[in-house]
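Biologist: I'm new to this one and could use a guided tour. Can we go through it feature by feature?

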Amino acid sequence: MDQDQKKAFHQGILESIQKMCLMDDNFMSMVLQHKECMELVLRIILGKDDLSVIECKTQYEIHNLRNRTVRLDVFAVDSEGKYYDIEIQRTDAGASPKRARYNGSMMDANSLEKSEGVDNLPETYVIFITENDVLGENRPLYTIERVIKESGRPFNDGLHIIYVNSQIRDESALGKLMRDFHNPEPFTMNYDILSDQSNFYKNGKGAPKMCKILEDLYKEFSEEVRAEAEAKGKEENKKENAINLLKTKKLSVKEIADAIGLSIDEVNKLAESYPA
């Protein structure tokens, strides 16, 4: 890029940051990494004014024995040793019940030392803040707990799943919080701590860090698009070469497949589409 292009690119990044809100997970991750912000959010969602966060990490990766990884938007631990995972989901598919189950199980698997027994598992909360009313009952909050079906008595396994429907933005504490999550203007937010940190990453000393995150994402996306285009081009080139060899009638389908690097089925399909 020349200087004018670089300037325009940087200006575009700055404008993108100004439009971001807490429902954008990259921006939310920067704001909620501050314990005071995470504490406020958890206190309002859970209705616990004395909840105290002692550890908070964003984009926190957990690995299992099969080398699968889950990345939690925000992971926190409170003063009582309870674990929290907050996920921002703008698509319904990302907030499926099995996703909640999986995230909870991954936190469990990562919480015990080798010699610890399962009785030491912490109480865990998986919280989805969703763009839409995923569960479809027009409620601001959905709390899911396991119960004994026959009696309705709580099973008390320590896993709590909560869905927050961000479409409901009324005058309750939770409704005001959801308004803040959708508000790109820091100075018109309801909660001062969220306003201060949002402004810090939009207009203050945190803005360069936010710029760097978006620039890296853009570069990563550009590289992925370029790699996909190159792969597609190579695949098309292989097919073109295979068609040319089919037209010569000098090689068998297997010989062409081996020479070009396509499967026999792929070469057979090409032979049907482009008969020699």
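This is a predicted model: local features need pLDDT of at least 70, side-chain atom pairs count only at pLDDT 80 or more; totals for chains, interfaces and linings use all residues.

Biologist: Which way do the side chains of β3 point?

Modeller: Here's the general idea: in a regular strand, side chains alternate between the two faces of the sheet. In β3, Tyr83, Asp85, Glu87 and Gln89 point one way, while Tyr84, Ile86 and Ile88 point the other way. Both sets are buried.

Biologist: Where does β3 sit in the sheet, and what is the strand order?

Modeller: Six strands make an open sheet, ordered β1-β2-β3-β4-β6-β5, with mixed pairing. The edges belong to β1 (53–63) and β5 (141–144); each has a single partner strand, so one side of each lacks a neighbour in the sheet. From one strand to the next, the twist averages 20 degrees.

Biologist: In what sense does β3 pair with β2, and over how many bridges?

Modeller: Strand β2 (residues 69–78) and β3 are antiparallel, with four bridges. Look for valine 74, which stands opposite isoleucine 86 in β3. The two strands form a hairpin with four residues between them, and glycine 81 in that turn has a positive phi of about 85 degrees. On to β1: it pairs with β2 in the antiparallel sense too, over nine bridges. There, glutamate 61 has arginine 71 in β2 as its bridge partner.

Biologist: And β3 with β4: what is the sense of that pairing?

Modeller: Parallel, over seven bridges, with β4 spanning residues 124–130. Glutamine 89 stands opposite threonine 130 in β4. To get from β3 to β4, the chain passes through helix α4 (residues 97–109), and this β-α-β crossover is right-handed.

Biologist: Now the helices. At roughly what angle do the axes of α3 and α6 cross?

Modeller: In general, two packed helices are described by the angle between their axes and the distance between the axes. For α3 (residues 35–46) and α6 (residues 192–202), the axes come within 9 Å and cross at roughly 140 degrees. That makes α3 oblique to α6. The crossing is left-handed. Glu36, Cys37 and Leu40 in α3 meet Ile193, Leu194 and Gln197 in α6.

Biologist: How do the axes of α3 and α5 cross?

Modeller: α5 spans residues 173–182, and its axis and that of α3 come within 9 Å, crossing at roughly 140 degrees. That makes α3 oblique to α5. This crossing is left-handed. Val41, Ile44 and Ile45 of α3 make the contact with Ala173, Leu174, Leu177 and Phe181 of α5.

Biologist: Why is α5 described as largely enclosed by the rest of the structure?

Modeller: Because seven of its 10 residues are buried. Those are Leu174, Gly175, Leu177, Met178, Asp180, Phe181 and His182.

Notes:
Residues are numbered from 1 along each chain as its sequence is written. Side-chain values use heavy atoms; hydrogens and water are left out. Buried means under 20% relative accessible area, exposed over 50%, partly exposed in between (1.4 Å probe, protein chains only). Two strands pair if DSSP finds at least two bridges between them. A crossover is right-handed if, with the strands pointing away from the viewer, the path from the first strand over the helix to the second runs clockwise. Axes are lines fitted to C-alpha atoms, for helices over the stretch in contact, and angles run from 0 to 180 degrees between N-to-C directions. Angles under 35 degrees count as roughly parallel, over 145 as roughly antiparallel, 65 to 115 as roughly perpendicular and the rest as oblique. A crossing is left-handed if the near helix is turned anticlockwise from the far one by less than a right angle, and right-handed if clockwise. Contact means heavy atoms within 4.5 Å.
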